[in-house]
Amino acid sequence: MLRRHLLAGLALSLLAVLLPATCAQALPPEAQPGDLIFRRGTSLDSAVVLSVDGGEFSHVGMLLGAPGAWQVIHAVPSEVPGRDDGVVIDELAFFLDPARSQTHAVYHVQASPEQRAQAIEQALAARGLTFRLADPAGTYCTLLIWRAWLDAGLDLEVSFTPLTLPLMQGDYLLPGPLARSRHLRRGDPEQAQTR
């Protein structure tokens with residue numbers, strides 16, 4: 001019994017050491033701040049998005065920082081006890097933790113350095129905005145990203161999907177159409193890891 005607890009403790013310690021390094025390696029070497037990181041989530045909300053969208057991913061954020069210190073800004077229902085739903089910045093390791101992400105991929109945005117800097121600035125300006133799907137005073141993950149790039153002068157030329165679900169009537173930008181934007185290029189598929 002004691003041996004089993006020691007082995008379990010050793011395994012958890014090793015995982016804690018390796019997880020941040022693994023997440024840092026999970027990005028293509030050409031990843032840049034402003035690029036998009038899509039994930040297939042593990043929550044019930046993710047299952048609903050996948051069902052409605054029919055795509056590969058259920059959530060998206062924007063990369064901030066640099067290799068070894070990547071962060072993600074995204075609009076999300078609270079994933080941390082005591083934190084409100086909204087636009088937040090999380091460490092990459094948290095964003096890609098297997099508790100939240102089954103798989104992921106980075107999409108490079110084909111834009112000028114000036115547009116990239118402006119898109120990041122626009123996303124950061126939305127920090128603290130409430131996560132809301134059907135409320136114009138709030139935002140949601142794909143809308144946050146699309147607006148940040150649009151305000152930076154790059155229309156990602158996406159299509160919104162009309163939905164007639166209970167409590168969700170209107171046109172919504174789903175992850176699939178965003179990922180298919182002609183202005184995005186998927187990173188090295190060998191770098192996208194399944195968890």
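This is a predicted model: local features need pLDDT of at least 70, side-chain atom pairs count only at pLDDT 80 or more; totals for chains, interfaces and linings use all residues.
**Entry 1: ground rules**

Residues are numbered from 1 along each chain as its sequence is written, and side-chain values use heavy atoms, with hydrogens and water left out.

**Entry 2: the overall layout**

I looked up the secondary structure and found six helices and eight strands. Both are DSSP runs numbered from the N terminus: helices are H or I with at least four residues, strands are E with at least two. From the N terminus on, I read the order as α-β-α-β-β-β-α-β-α-α-β-β-α-β.

Buried residues make up 43% of the 195 residues. The protein exposes about 10200 Å², and carbon and sulfur atoms supply 58% of that; accessible areas come from the Shrake-Rupley method with a 1.4 Å probe, and for residues only the protein chains shown count as cover.

I also checked contacts, meaning heavy atoms within 4.5 Å. Among those between residues at least 6 apart in sequence, 66% join residues at least 24 apart.

**Entry 3: the cores**

Next I looked for nonpolar cores, which are sets of buried Ala, Val, Leu, Ile, Met, Phe, Trp, Tyr and Cys residues joined through side-chain atoms within 4.5 Å. The largest has 35 residues, and Leu36, Phe38, Met62, Tyr107, Trp149, Leu156 and Leu178 touch the most other members. Which element gives this core its largest share? I found that H5 does, with seven residues.

I then followed Leu178: not counting residues up to four places away in sequence, Leu178 touches Leu36, Phe38, Val60, Thr142, Ile145, Leu156, Val158, Leu173 and Leu184.

**Entry 4: aromatic pairs**

I counted five aromatic pairs. Rings of Phe, Tyr and Trp (its six-membered ring) pair if their centres lie within 6.5 Å; planes under 30 degrees apart are stacked, over 60 edge-to-face, and the rest tilted.

Phe38 and Tyr107 form an edge-to-face pair, 4.9 Å centre to centre with 65° between the planes. Phe38 is in strand E1 (residues 36-41) and Tyr107 in strand E5 (residues 101-109), so the pair links parts of the chain 69 residues apart. Phe38 is buried at a relative accessible area of 0%, and Tyr107 is buried at 8%.

Tyr140 and Tyr172 make a tilted pair, 5.9 Å centre to centre and 50° between the planes. Tyr140 sits in the loop between helix H4 (113-125) and helix H5 (141-151), and Tyr172 in strand E7 (residues 168-172), 32 residues apart. Tyr140 is buried at 7% relative accessible area, and Tyr172 counts as buried at 4%.

Phe38 turns up again in one aromatic cluster with Phe57 and Tyr107.

**Entry 5: charges over rings, and a serine**

I noted charges over rings (NZ of Lys or CZ of Arg within 6 Å of the ring centre and within 35 degrees of the ring normal). Arg39 lies over the face of Phe95, 4.5 Å from the ring centre. The charged end of Arg100 sits over the ring of Phe94, 3.5 Å from its centre.

Last, I visited Ser101 in strand E5. Is Ser101 buried or exposed? Ser101 is buried, with a relative accessible area of 1%.

Methods
Buried means under 20% relative accessible area, exposed over 50%, partly exposed in between (1.4 Å probe, protein chains only).
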